[in-house]
Structure formats: structure tokens, C-alpha cells
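This report describes a pocket and a sheet in the structure shown below.

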Amino acid sequence: MNIILLGPPGAGKGTQARHLVETRNMVQLSTGDMLREAKDSGTEMGKIVADVMARGELVTDEIVIGLIREKLAGEKTEGFIFDGFPRTLEQADALGELMASEGETLDMVIEMRVDDAALVERITARSTCGSCGEVYNDKTKPIPADGKCTNCGKENDFKRRADDNEESLKTRLMAYYKQTSPLIGYYYAKDMLKVVDGLASIDKVQGSIGAALDG
Ligand code: AMP
């Protein structure tokens with residue numbers, strides 16, 4: 001089953017995608033992770049996207065569609081989880097075409113609905129384990145006092161994203177409402193949309209997503 005997790009920055013898409021990878025053997029395709037990797041390894045493309053990402057704007061459709069095209073080519077899995085892609089109508093159209101050309105179908109789009117005040121709070125307090133991606137929050141789930149990740153045990157490898165500050169978050173939110181939120185109507189019209197309450201606890205959201213996938 002191939003699905004999209006759709007929602008604004010901080011909705012919990014990455015956290016839920018990782019859970020699906022662990023429990024259902026699915027493959028997470030996060031364009032944000034791919035772009036950060038390109039940036040960190042200093043590739044030409046990484047240099048091009050670095051400033052755009054730091055500001056919180058969207059990188060070009062051409063670049064992200066190219067990244068997804070490469071990952072999809074020939075790969076067979078229990079299912080893909082598209083996390084942070086598509087973010088524009090052009091990307092959504094391209095994804096439909098790419099899936100068809102691979103003989104795959106896109107089965108479901110899960111919108112993780114949250115309110116903006118909660119997003120700002122979540123994102124400005126967020127850090128992640130550099131090794132496994134486990135997400136921490138200064139208030140609700142602080143980094144353990146012994147400095148060891150509760151998920152993978154790696155010591156003192158916690159990172160804050162450069163774009164997790166109030167300034168770029170505003171731009172990222174604006175990009176979501178202007179460019180990405182039309183996808184809610186797009187997939188609703190295709191009868192593929194399911195909505196879950198992204199403000200519920202992580203366990204509850206996992207339950208709602210599981211029920212949607214199995215229902
Ligand atoms: P994310 O980790 O999904 O929050 O993405 C981080 C940043 O990467 C975004 O703010 C954009 O600058 C860029 N990005 C990630 N995915 C896309 C996409 N599908 N289209 C355009 N830009 C993207």
C-alpha cells in the first residue's frame with residue numbers, strides 16, 4: 001500500500017512514518033531528509049537548495065520530482081510512505097504519473113490535522129537524534145539526562161534543524177497554506193483522503209493511522 005502523509009511542518013509526519021517503517025516494513029520517502037542529506041554532503045544540488053531551505057521556502061518542483069523519480073525507479077516494497085512530498089499540485093500530478101509508469105498505485109492520503117499555535121510550540125522546542133531520527137521536545141519529551149537516545153542508545157548526538165526557528169517557520173507555514181493545502185481538495189476529489197487528529201498523543205495518532213490503513 002502506498003500512502004502520502006500530508007500536513008504542515010510539525011504535524012508529526014516523520015514520527016508516524018518511522019513507526020510505519022518499523023511496524024509494517026514500509027519505505028519512507030522524505031524529500032526533506034533527502035535534501036538535508038544533499039546539503040550536508042555538499043553536492044551541487046545541496047548548495048543550490050541550502051539557502052531556500054534555510055528561509056523555509058519550497059525548492060523547485062523539478063528538483064524534488066527528480067529525487068523521487070530516482071528513488072521509485074525499480075524499487076519494490078511493502079509500500080511507500082511519501083513524507084513531505086508532494087507539496088504542490090505540480091508535484092502531485094507528477095507523482096501520479098510516476099506511480100503509473102512504475103505500475104504502482106497511490107492508495108491513500110492521510111491528512112494530519114493540527115492547529116498553528118501547537119505547531120509553533122512543537123517546532124521551536126524540537127530536537128532529533130542524529131542517528132535514528134527519534135524526536136524530542138524540550139517540554140514534553142526532553143533529551144534524557146544521561147544523554148543517550150531512548151530509541152537507539154546513541155550518546156550525545158542530538159540535533160536541532162537550522163530551519164526550526166520562528167522566522168523560517170512562518171515562511172514554511174505560509175508555503176503550506178499557499179502551495180500545499182490545495183492538495184487536500186485535490187485528493188478529496190479523488191476519493192483518497194482520510195483525516196486524523198494530529199494533536200492527539202503519538203500512540204493515538206498511530207492507532208488512527210493504523211485503522212485507516214486496515215479499514
Ligand atoms: P521537511 O523536512 O519536510 O520539513 O522539509 C524541509 C525543507 O525542505 C522545506 O522547508 C523545503 O525547503 C524543502 N522541501 C522538502 N520537501 C519539499 C518538497 N516536496 N517540495 C519543495 N520543497 C521541499
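A pocket is an open set of points on a 1 Å grid over the protein atoms alone, where a 1.4 Å probe fits, with protein on both sides within 12 Å along at least five of seven lines; lining residues have an atom within 4 Å of a point. Grid points are joined across faces, edges and corners, and the volume is the space filled by probe spheres set on the points. The model is predicted: local features need pLDDT of at least 70, side-chain atom pairs count only at pLDDT 80 or more, and totals for chains, interfaces and linings use all residues. Residues are numbered from 1 along each chain as its sequence is written, and side-chain values use heavy atoms, without hydrogens and water.

The second largest pocket has a volume of about 160 Å³. Its lining includes Thr15, His19, Glu134, Lys141 and Gln206. Helix α1 gives the largest share of this lining, four residues. Helices here are DSSP runs of H or I with at least four residues, and strands are runs of E with at least two, numbered from the N terminus.

| Element | Residues | Contribution to the lining of the second largest pocket |
|---|---|---|
| α1 | 13–24 | at least two residues |
| α9 | 202–214 | at least two residues |

Elsewhere, five strands build an open sheet with parallel pairing, in the order β2-β3-β1-β4-β8. At its edges lie β2 (27–30) and β8 (193–197), each pairing on one side only. Strands pair if DSSP finds at least two bridges between them; β2 and β3 (residues 80–83) are joined by four.
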